[in-house]
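Subject: Structure for you to look at

Hello,

Here is the structure I said I would pass on. Please open it next to this message and follow along; my notes come after it.

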Amino acid sequence: MRMRCDCGEKAVYHRRYSGQRFCKGCFTGYFERKVAETIREHKMIRKGERIGVALSGGKDSTVLLHVLSALALTKGFELIAIAVDEGIRGYREEGLKAAAETCRGLGVQLEVKSFEELYGTALDRLVEKGELKPCSYCGVLRRSALNKIALDMKLDKLALGHNLDDEAQTVLMNIITGNVKKLHRMAGGAVKTVARRIKPLRNLPEKEIMLYALLRDLRFSSLQCPYADQNMRTRVREFLNRLEDENPGVKFSVIKGWEKIVMGVKVKGGVKTCHSCGEPSAGDRCRACQLMEEIKIKMSEGKLTLAD
Amino acid sequence: MKVKVNGEVLELPWTKASVKQLISFMGWSRGEVLACVNGEVTVEDEELKEGDDVKLIPVFSGG
C-alpha cells in the first residue's frame, strides 16, 4: 500500500474522502490554502476590515487565529482576539491561559470579558440554581456576549472557529428537532448581527484541524467542557463519525444537501430585532434578554448570588 | 501482538494489525482520533510492530 505523499515524502495523513495522502509540509500548505480559498469564495474578509476572532484557547480557534494572523499581513486586515470567560471552574482557566499565550506569541491584542462582568453571575452558578440545561444558558449568553464585545470594539466581522463537523452536526440537530427557521438562519444572509459572523474553517473536518495544530506544534487547551456530555450534540457527533467511517465524505454531503434545501425554502416571519437590546431575535425579545430577566428575578429573590 | 496504547501495554488478538484496526478495537471511529506511533503522526493504514508505542489523541475538545 502506498504510504507516500505525491511529493515522495512519508505521508502523515490519509484523507479518505479524496483518497489523497499528505506529508507534513504538503498538508499544512494545503490547509492554509483551503482557509484562504474559503474566505475568498464566501467574500468573508475585505482589506482594511477589523476582524475579531472568538478565541476560546481550544484547537479550533487557536488554529484559526494562527492562519488568519499570517493572512492579515498579506491581505491587509486587522485582527483582535476576544475571549469570553463563562465561569466554568476547572475548565475555562486553562483555555484562557492558552489564549493569552497564543496572542502574546502572535502579537495580537486579546480582550477578555466574563459572564460575571456582563451578567453578574457565572455559568457554574446558573447551572446549579437554574432550571435549564447548561448549554441553553451558555450558548445564548455567549453569543450575546460576543455581540456586545464586537459592538464595543467596533469590529466589522466576527470570525468563529466552527469546523465542518460542527456545521454538519448543527444541520442534523436542526433537522432532528424540526427547527426549519434555525436551519434557514444558518445560511447567514437573513441575520443582521452587529458584526457579521464568518467561519473560515467551515470546509475543514475537525480531525484536520487537530492534525494542523499538532503538526504546527500549537499550544491549546484540549480539555472537554464538563457540561458537554449532557447535550444532544455529543450523540449527533458520535453518529456522524460512525457514518463517516463507513462512508467517507458524508459530512460534506450533509452540508451540500443543506445548502440545496435552504436555497429552495422560504421561511415565514424573518428575523426581528429585540426591543430591549436591538440584537437579532426570533420574537420581540431575544433569548438572552429573557434569560437576563430570569437571572435578575432569581437574584432579587436571593436564589442566585454573585458570591459563592 | 503487544503494543503500548496511551501508556498501557495491550495484548491485541492478532499477530499483525494496522493502526485503523487498533482504533476500531479501542472503540473509536477514525474521525474521532489521530494516531501517533513512536512519537510520529501516522497514517492509519500503517502496520503496527510488536512493542510499538501508540498514542491515540481524541480530536474533540471543548463543548
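Helix 9 of chain A, residues 206-215, lies across strand 3, strand 4 and strand 5 of chain B. Its direction is at about 35° to strand 3 of chain B. Keep in mind that this is a predicted model.

The contact between the chains

In total, 28 residues of chain A are in contact with 20 residues of chain B. Three residues of chain B lose the most area to chain A: Val41(B), Val43(B) and Phe60(B), which together make up 26% of what that side buries. The area buried between the two chains is about 2200 Å². Carbon and sulfur atoms give 57% of that area.

There are polar links too. Between chain B and chain A, 7 residue pairs are in polar contact, counting pairs with both residues at pLDDT 80 or more. On the side of chain B that touches chain A, strand 3 (33-37), strand 4 (40-41) and strand 5 (53-58) each supply at least two residues. Sorted by class, that side of chain B has 8 nonpolar, 6 polar and 6 charged residues. The rule finds 2 salt bridges across the interface. Arg21(A) and Asp45(B) meet through their side chains in a salt bridge, with 2.5 Å from N to O.

The sheet of chain B

Chain B has an open sheet of 5 strands in the order 2-1-5-3-4, with mixed pairing. Which strands stand at its edges? They are strand 2 (8-11) and strand 4 of chain B; each has a single partner strand, so one side of each is left without a neighbour in the sheet.

Strand 1 of chain B (residues 2-5) runs antiparallel to strand 2 of chain B, and 4 bridges join them. Val5(B) has Glu8(B) in strand 2 of chain B as its bridge partner. These two strands form a hairpin with 2 residues between them. In the turn, Asn6(B) has a positive phi of about 45°.

The sheet of chain A

Chain A also has an open sheet of 5 strands, here in the order 5-4-3-6-7 and with parallel pairing. Strand 5 (109-114) and strand 7 (196-198) of chain A are the edge strands, and each pairs on one side only. From one strand to the next, the twist averages 30°.

Within this sheet, strand 3 (residues 50-54) and strand 6 (residues 157-159) of chain A are paired in the parallel sense over 3 bridges. Ile51(A) stands opposite Lys157(A) in strand 6 of chain A. Helix 6 of chain A, residues 134-152, packs on the sheet and touches strand 3, strand 4 (78-85), strand 5, strand 6 and strand 7 of chain A. The direction of helix 6 makes about 140° with that of strand 4 of chain A.

Regards

Key. Residues numbered from 1 in each chain as written. Chains lettered and ligands numbered in written order. Predicted model: local features only at pLDDT ≥ 70, side-chain atom pairs only at ≥ 80, totals over all residues. Heavy atoms only, no water. Contact = heavy atoms within 4.5 Å. Buried area = accessible area lost by both parts, 1.4 Å probe. Salt bridge = Lys/Arg side-chain N within 4 Å of Asp/Glu carboxyl O. Polar contact = N/O pair within 3.5 Å; in protein donor to acceptor, adjacent residues only side chain to side chain. Nonpolar A, V, L, I, M, F, W, Y, C, P; charged D, E, K, R; others polar. Pairing = 2+ DSSP bridges. Axes fitted to C-alpha atoms, helices over the stretch in contact; angles between N-to-C directions.
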